[in-house]
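Student: I have a structure open and I'd like to learn how to read it. Can you walk me through a few features?

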Amino acid sequence: MSLSTRLCALSVALFGSASALAADIQFTSKLNEKTDALVVFQDSEQSNAFKFLDRDTRKQLTKALEADKFTGDYGKVVEVLAPVDSKHKRILVVGLGERDELDSAKMAKLGGNLHAKLEKKEAGTVSVAFKGVNGQLSNHALAAQYAHGANLRDHTFELYKKEPNTHSMTYSLSVDDQRQTQAEYTTLSYVEQGVFLARDLTSEVPTEMTPVDFANAAKQLEQYGVEVKILEPEQLKSLGMNALEGVGRGSKEGARLVVAHYKGNNDTPIALVGKGITFDSGGYSIKTGKSIARMKSDMAGAAAVLGTVKAMALAKADVNVVAVMGMAANMVSENSIAPGDVLRTAEGLSVEILNTDAEGRLVLSDAMWYARTYYKPEVMVDLATLTGSKIRAVGNRYAAVFSDDDQLVTEFTVAGKAVNEPLWRLPLGYKDMLKSDIADIANIGSGGPGATTAASFLQHFAGDTRWLHIDIAGNALTTTGKGEVSPGGTGFGVRLLSEWLLSN
């Protein structure tokens with residue numbers, strides 16, 4: 001496939017299919033009385049949530065709930081097919097649990113799970129009786145989160161399937177305040193577009209998602225007022241960014257630094273730094289086993305920060321945020337860096353390469369230096385699929401967070417909880433294990449917890465800037481859908497970063 005054809009296909013995938021296949025969300029003041037499915041809610045207090053239905057349908061639902069011993073537990077669903085005298089083909093009674101525990105995260109997750117259930121039933125039109133539903137948040141906020149979860153689950157990457165899923169769903173949610181709900185959801189819909197971009201970039205196959213392809217995808221954001229800058233290998237070398245340039249040396253195209261700046265105000269910028277290894281063979285320290293097939297997702301950190309910038313630009317958010325992404329393919333060739341080599345970073349520190357598979361921290365070191373030097377950010381956050389050690393420490397249900405800044409850790413932990421992208425703090429330290437006999441530091445530790453020594457390596461390049469590192473290894477790609485996340489690239493980090501930016 002020619003480069004031009006490939007880029008055209010990629011452009012369709014990244015900027016066409018996500019929008020085309022997104023669910024149609026409508027907020028109304030009156031319930032749509034004739035649809036394939038009706039969703040009604042009941043909390044643990046057993047308040048009568050379907051009193052608006054006719055007497056016979058209410059009796060039928062009540063009998064079904066009693067038979068199923070339904071108590072309104074969160075996520076529990078009782079389904080009645082073809083209710084007598086109902087204009088709906090099926091009615092789902094859905095448990096909300098304790099009302100005072102119902103928050104944005106639970107509602108988005110519920111919207112995603114119910115969407116998946118209804119899609120399996122091939123429901124085309126769905127009415128959701130949301131009037132009167134309240135919890136920790138208002139009715140309009142919860143309704144918007146439900147729609148958000150449903151639409152996030154609806155998105156899939158099916159560019160390579162002979163018969164991709166073309167099923168579409170239309171939602172009609174009756175809410176207390178139509179205008180407020182729409183306003184709330186509009187912002188969330190922009191975040192969705194950022195998530196879809198990050199997912200598609202991550203899901204794309206490695207030979208079709210090189211550093212050049214990623215840079216071209218980033219250029220698409222210029223239409224939203226984002227300033228995009230791309231540095232090529234010779235420019236990287238002239239700036240002394242030999243760590244980033246060195247990692248990309250084994251591939252034909254070489255490395256790129258991609259910068260995407262959305263300036264929504266004149267405040268000191270926030271810098272988001274993303275690891276962008278478009279494929280990680282491990283280099284001469286080559287990977288073995290099945291895990292190598294997942295290494296197309298080693299650029300998920302870069303995809304997430306780019307998706308966040310897109311979300312902020314679409315929302316015209318009152319933030320000044322710059323994404324700095326170190327992009328390279330870590331390949332094996334006669335030009336590749338070798339174990340035992342020494343690279344000098346733009347920071348001036350020399351690094352002994354003891355393992356070429358510890359390359360992510362190298363591209364981040366120069367990207368962090370660039371962000372600090374050229375944007376002097378108030379806060380710098382890096383996102384990276386950095387270490388297998390992180391997965392062994394906290395698994396794939398949490399991302400690991402590292403920082404000496406307690407306030408930043410607290411803010412991000414709260415933001416993660418709100419959007420179902422939870423964080424678990426791990427310690428910095430063990431810097432003494434990064435000593436090298438020939439260079440200033442080594443790129444791997446001689447012992448100690450791997451996720452921590454990797455984070456401590458990065459700390460050398462944070463300077464005096466408030467800095468937080470998030471290791472998303474294991475969070476970036478999934479084979480099974482759950483909640484608001486569909487199979488494939490997850491876009492993990494876009495909602496987390498967007499929530500933090502918009503809240504703080």
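**Helices side by side**

Tutor: Start here: His-140, Ala-141, Ala-143, Ala-144, Gln-145, Ala-147, His-148, Asn-151 and Leu-152 of helix 4 meet Gln-180, Thr-181, Glu-184, Tyr-185, Leu-188, Glu-192, Val-195, Phe-196 and Arg-199 of helix 5. Contact means heavy atoms within 4.5 Å, and helices (H or I, at least four residues) and strands (E, at least two) are DSSP runs numbered from the N terminus. Bear in mind that this is a predicted model, where local features need pLDDT of at least 70 and side-chain atom pairs count only at pLDDT 80 or more, while totals for chains, interfaces and linings use all residues. Residues are numbered from 1 along each chain as its sequence is written, and side-chain values use heavy atoms, with hydrogens and water left out.

Student: How do helix 4 and helix 5 lie relative to each other, parallel or antiparallel?

Tutor: Two packed helices are described by the angle between their axes and the distance between the axes. The axes of helix 4 and helix 5 (residues 178-203) come within 9 Å and cross at roughly 25°. That makes helix 4 roughly parallel to helix 5. Axes are lines fitted to C-alpha atoms, for helices over the stretch in contact, with angles running from 0 to 180 degrees between N-to-C directions. Angles under 35 degrees count as roughly parallel, over 145 as roughly antiparallel, 65 to 115 as roughly perpendicular and the rest as oblique.

Student: What about helix 5 and helix 9?

Tutor: Helix 5 packs on helix 9 at about 155°, with the axes 7 Å apart. That makes helix 5 roughly antiparallel to helix 9. Among the residues that meet are Tyr-190, Gly-194 and Leu-201 in helix 5, and Ala-303, Gly-307 and Leu-314 in helix 9.

Student: At what angle do helix 10 and helix 13 pack?

Tutor: Helix 10 (residues 360-375) and helix 13 (residues 450-459) pack at about 25°, axes 9 Å apart. So helix 10 is roughly parallel to helix 13. Helix 10 brings Arg-361, Leu-362, Leu-364, Ser-365 and Met-368 to the contact, and helix 13 brings Ala-454, Phe-457 and Leu-458.

Student: Now charges. How many salt bridges are there?

Tutor: Side chains of opposite charge can pair when their charged atoms come close. The structure holds 17 salt bridges (a side-chain nitrogen of Lys or Arg within 4 Å of a carboxyl oxygen of Asp or Glu). One of them joins Arg-99 to Asp-43, the closest N and O atoms being 2.6 Å apart. Arg-99 sits in the loop between strand 4 (90-97) and helix 3 (104-120), while Asp-43 is in strand 2 (residues 37-43), 56 residues apart.

Student: And what does Tyr-160 touch?

Tutor: Tyr-160 lies in the loop between helix 4 (139-154) and strand 6 (170-174). Leaving out residues up to four places away in sequence, Tyr-160 touches Glu-204, Val-205 and Glu-208.
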